[in-house]
Amino acid sequence: MASAKSSRSRASGVVSAGDKTQENAAQLSDKLKIFKADSFDPDSYVQSKCQSVNEKEIRQLCTYLNDLKKASAEEMRKSVYANYSAFIRTSKEISDLEGELLSIRNLLSTQAGFIHALAEGVNINSLSSGFDGSASDNLSDLEEGEPSDIEKWAAEFPDILDVLLAEKRIDEALAALDEGEKIAAEAQEQKTLNPASLSSLHSAISEHRMKLADQLAETASQPSTRGVELRSAVSALKRLGDGPRAHTLLLNAHHQRLQYNMQNLRPSSTSYGGAYTAALSQLVFSAIAQAASDSLSVFGEETAYASELVMWSSKQTESFALLVKRHALASSAAAGGLRAAAECVQIALGHCSLLEAYGLTLCPVLLRLFRPSVEQALEANLKRIRESTAAFAAADDWLLTYAPVGGRPRSSSVAVSSGIAFQPKLSSSAHRLSSMVQDFCEDVAPLLSMQLGNTTLEGLFQVFDSYINLLINALPGSMEDDGGGAGNKIVKMADTEAQQIALLANASLLADELLPRAAMKLAPSYQASARDDTRKRASERQSRLPEQREWRRRLQRSVDRLRDSFCRQHALDLIFTEDGETYLSAEMYIHMDGNADEPDWFPSPIFQELYLKLNRVASIAADMFVGRERFATVLLMRLTETVILWLSEDQSFWDDIEDGPKALGPLGLKQFLLDMEFVTRISSQGRYLSRHLHQVIKDIISRAMNAFASTGMDPYSELPYDEWFGEISEEAMNKLSGKNRVMNGERDLNSPTASISAQSMSSIRSHGST
């Protein structure tokens, strides 16, 4: 047994093949370099691309340019969001600076009034000391005269403002302040007020402005202030010149109201996460919508205020997302409840998208925050599929049946091109995998806006590849060859050839039909409404095809691993005995010339057994691969290639043939060529003679004839006529297959087998002669 294992391990290296590494796609910035150049001319670019192209290439170019346009827009959006905080912070600082400059201007104006009054007082005192008695008498008469109307108004103005503020007559107070500033400006220009009165007037206006601003701010901060009253207070504060403060108070008022409303909402008061998400999103996004409406009505679309609104809305959205994750998404994601998680995300996105009417695009914020939880739910769901499939594989009898009663409805079965539905025949574990993947893709489909398509496809591939590993371990001897590593799962062995071919049927049907059909639900075209434009859906489907095709190729490579393991195992069973001895050695040809009598010509036992095994596999595959005959043909071709490749690359075999102590004789060469012709015949008859196999056989024959010619003998003088090898091969196939047909020496030279035999032997002679 030890020698058998070592021989098998040495054989496994011959037919194993590694996957090719994939090239990384070019970066978007590299693709856009030509468009960023200063010398780029759109007209010249289009003409250079479209001068010698046909309609199909023009459409491909348009599709490529549209993809670049979408990618460029996405990159610009990410760039804006990446630098948005700095932009908002700078805008807010500029607004604050403008307010401070306004305050400084008012302060400087007041100080200038004081300085002017002091200067006037100094001039009057100096003049009074130099005037004569008549001048002093005139000034005394002026001072003792009746005050003017404007002086009376200036003296009464502070009292008027106090009354208006006390009675909260905001609009009248604002009008009075504006009128006071206008009169003060005219009095200063026309010198109708003395400096002391003018300074007192400026002080009164500034003081009452501050009192009114504080009163409005207090009103806006009250939780009971809502609707029209809030907008009126904020608008009045803006008219006073304190717009940034007014806008901040407006947003704070809506935030306080939102917090008050959320106090009555508790996760425990709802039956499940979707209801809590719906109630919470209704509150949050309604509050954001009302705040946006109030901001636009009072402040318009000024950049500073719009930016502050966006930042505030983003913050509220982030707080909402954290609450949803804590009370709804986290538990669903941890348990793999993808459908519940998808429902929460859809509800939130549905309410959030309504804000786009106010110019607020907050869905990217939600998607960014929800994505980790959804990915966790994806991974948990995929893990559950893997574990459930492995549990079914541990008890699978590897018999192909229709889906059990109570499984997926027949309407969801695979549909052929004619549109008629049929039920696939799979073993129990494959049925389980297919059913769970169908449900999984239906749950993921509503989350396509989160750009989870590639992640989902990669997860599905990992699930399928894990299932392929289970099928490989179900082949006899596979777990021994793999060393029983920790990655191996407990799986029921497929002992018979029918069970082993059923493994291949499971893998091929899943990879060719069931999984790709389920994955189509992840394509944007599948989600498009029937009212959508047909050409638009075709364009989306075309843009999805490359990654879908690459994903299907990866599935096929996993199936190839299983098929190669199957072929390697059966090839080793043909070549080696249980004790590690080989049925295919150089001695079986070299020692033939030691016998006195010429043997009864017939293919060697190992190739007879190969023919019988190929017939059994072909018979079983014909029943299991209905509609997928090509897979059965490739399986037979690979099995034959595995045996012949082993012979081609067995260095010990060729060392004995070419440099052994005993040279290959005429009878051994004749037997060897008969065996190769027999393999060519059975492969050609079964229609699985590949070009690669035919070339390998030609190279083997050429090498054997060169080894014989190196002894000094002419191989062509020792070989019979060309048709002899074909006749013996045909007779052997008839006997081995049980056909009761006696060879009478007459053959139809126009038959396909006869023509192939003639071509084969002719190529042998021509190749050997060179």
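Which residues are linked with E497 in a network of salt bridges?

1. E609, K613 and R616 are linked with E497 in that network. Keep in mind that this is a predicted model. The structure holds 19 salt bridges. Side chains of opposite charge can pair when their charged atoms come close.

2. Look next at E550. Its side chain meets that of R553 in a salt bridge, at 3.0 Å from N to O. E550 and R553 sit 3 residues apart in helix α21 (residues 534-575), so about one helical turn separates them. E550 also forms a salt bridge with R557, where the closest N and O atoms are 3.4 Å apart. E550 is partly exposed, at 22% relative accessibility. R553 is partly exposed at 42%, and R557 is partly exposed at 28%.

3. Now a buried pair. R681 and E677 meet in a salt bridge through their side chains (2.9 Å, N to O). They are 4 residues apart in helix α26 (residues 666-685), so about one helical turn lies between them. R681 has a relative accessible area of 1%, so it counts as buried. E677 is buried too, at 1% relative accessibility.

4. On to the nonpolar cores. The largest has 156 residues, and F370, F607 and F672 have the most contacts inside it. Beyond its neighbours within four places in sequence, F672 is in contact with Y589, L647, F653, W654, I700, I701 and A704. Another core, of 35 residues, lies apart from it and includes A154, A173, L198 and F299.

5. Last, the surface. L97, L101, I104 and L108 make a nonpolar patch of about 390 Å². L108 belongs to helix α5 (residues 55-130). L108 has 54% relative accessibility, so it counts as exposed.

Notes: Residues are numbered from 1 along each chain as its sequence is written. This is a predicted model: local features need pLDDT of at least 70, side-chain atom pairs count only at pLDDT 80 or more; totals for chains, interfaces and linings use all residues. Side-chain values use heavy atoms; hydrogens and water are left out. Patches are made of residues with over 30% relative accessible area and no salt bridge: like charges are joined within 9 Å, nonpolar side chains (Val, Leu, Ile, Met, Phe, Trp, Tyr) within 5 Å. Accessible areas come from the Shrake-Rupley method with a 1.4 Å probe; for residues, only the protein chains shown count as cover. A salt bridge is a side-chain nitrogen of Lys or Arg within 4 Å of a carboxyl oxygen of Asp or Glu. Helices (H or I, at least four residues) and strands (E, at least two) are DSSP runs, numbered from the N terminus. Buried means under 20% relative accessible area, exposed over 50%, partly exposed in between (1.4 Å probe, protein chains only). A nonpolar core is a set of buried Ala, Val, Leu, Ile, Met, Phe, Trp, Tyr and Cys residues joined through side-chain atoms within 4.5 Å. Contact means heavy atoms within 4.5 Å.
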